[in-house]
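Here's a quick tour for anyone meeting this protein for the first time. Have a look at the structure below, then read on.

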Amino acid sequence: MMFLNCEWPAMTPLIIVLYLGSPPYKSLALFRPEGSDMHKTIIPRLPLTGGCQCGAVRYSAQAHPLVFYLCHCSECQRQTSSAFGESLRFIRSAVEISGSLRCVRRKSSSGNIREGWFCPDCGVRIWHGTAGSAEINIKAGTLDDTSWLVPAGHIWTRSKQSFITIRTGELDYPGQPSDGYAELKRRWNLMTLAE
C-alpha cells in the first residue's frame, strides 16, 4: 500500500491510497475543497459488483450510481440491525442480478409499496425500493469494494442513534427529503469523479 500526500492550490491536503497488485490498480481519493466540509471520492471502474454473504446472489452495475446516502429511519435500523442503512441508488435497468431473490413487501406511511429483495439462502438484503420505480437502492455494504464510499448526506436524522455524529457541512434531513432527493443527487455529482 502506498500513501501520497499532496498540496494542491485551493485544496486541503489530498490523500491518495493505491492498493498495489495486478493492474489496473484500485485507488481511493478523498479530498475537501478549500473552505468546505464536503469530501470527494473516486468511483471505481465499471462494472461495480457485489453480492450476498453466501455467494448465491451476485450483481453487476453497468452505470454510475445516482447517489449514496445514509438512512437513519427506524425501519432501516431494524432491517439492518444497525444504526443506519446504506443506500446506493441506481437506475434499475443498469443493475444485472444473477441468482434467486425473494421479496418482502410493506406499505409505507406515504401509501407506496416498498420492496426488499434478499437472498433466500443467507438472508442478506441486496436491494430495496418502491414498487414500479425506475430507481433502486443497492445495499452498499454488499459491494465487493466499499473503500470508496462517502455519503452525500443523511436522511431521517430525527431518529438517528445518539452516538452518531453528523459532520458540519453534510446534508442532514430530519425526515424524508421533500425535493425527491434532488439536493442529495446534486451533492453526489459535485463529490464524485469516475476512474
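## The largest pocket

The lining of the largest pocket splits into nine nonpolar, 15 polar and 10 charged residues (Ala, Val, Leu, Ile, Met, Phe, Trp, Tyr, Cys and Pro count as nonpolar, Asp, Glu, Lys and Arg as charged, the others, Gly among them, as polar). A pocket here is an open set of points on a 1 Å grid over the protein atoms alone, with protein on both sides within 12 Å along at least five of seven lines, and a lining residue has an atom within 4 Å of a point.

This is a predicted model: local features need pLDDT of at least 70 and side-chain atom pairs pLDDT 80 or more, while totals for chains, interfaces and linings use all residues. Residues are numbered from 1 along each chain as its sequence is written, and side-chain values use heavy atoms, leaving out hydrogens and water.

Of the 34 lining residues, Cys73, Arg106, Ser108, Arg114 and Gln176 lie nearest the pocket's centre. Its space comes to about 810 Å³, counted as what probe spheres set on the points fill, with points joined across faces, edges and corners.

## The cavity

There's one cavity of 30 Å³ or more, meaning a set of points where a 1.4 Å probe fits but cannot get out. The largest cavity holds about 50 Å³. Its lining has 11 residues, with Met38, His39, Pro151, Glu170 and Arg187 nearest the centre. By class, that's five nonpolar, two polar and four charged.
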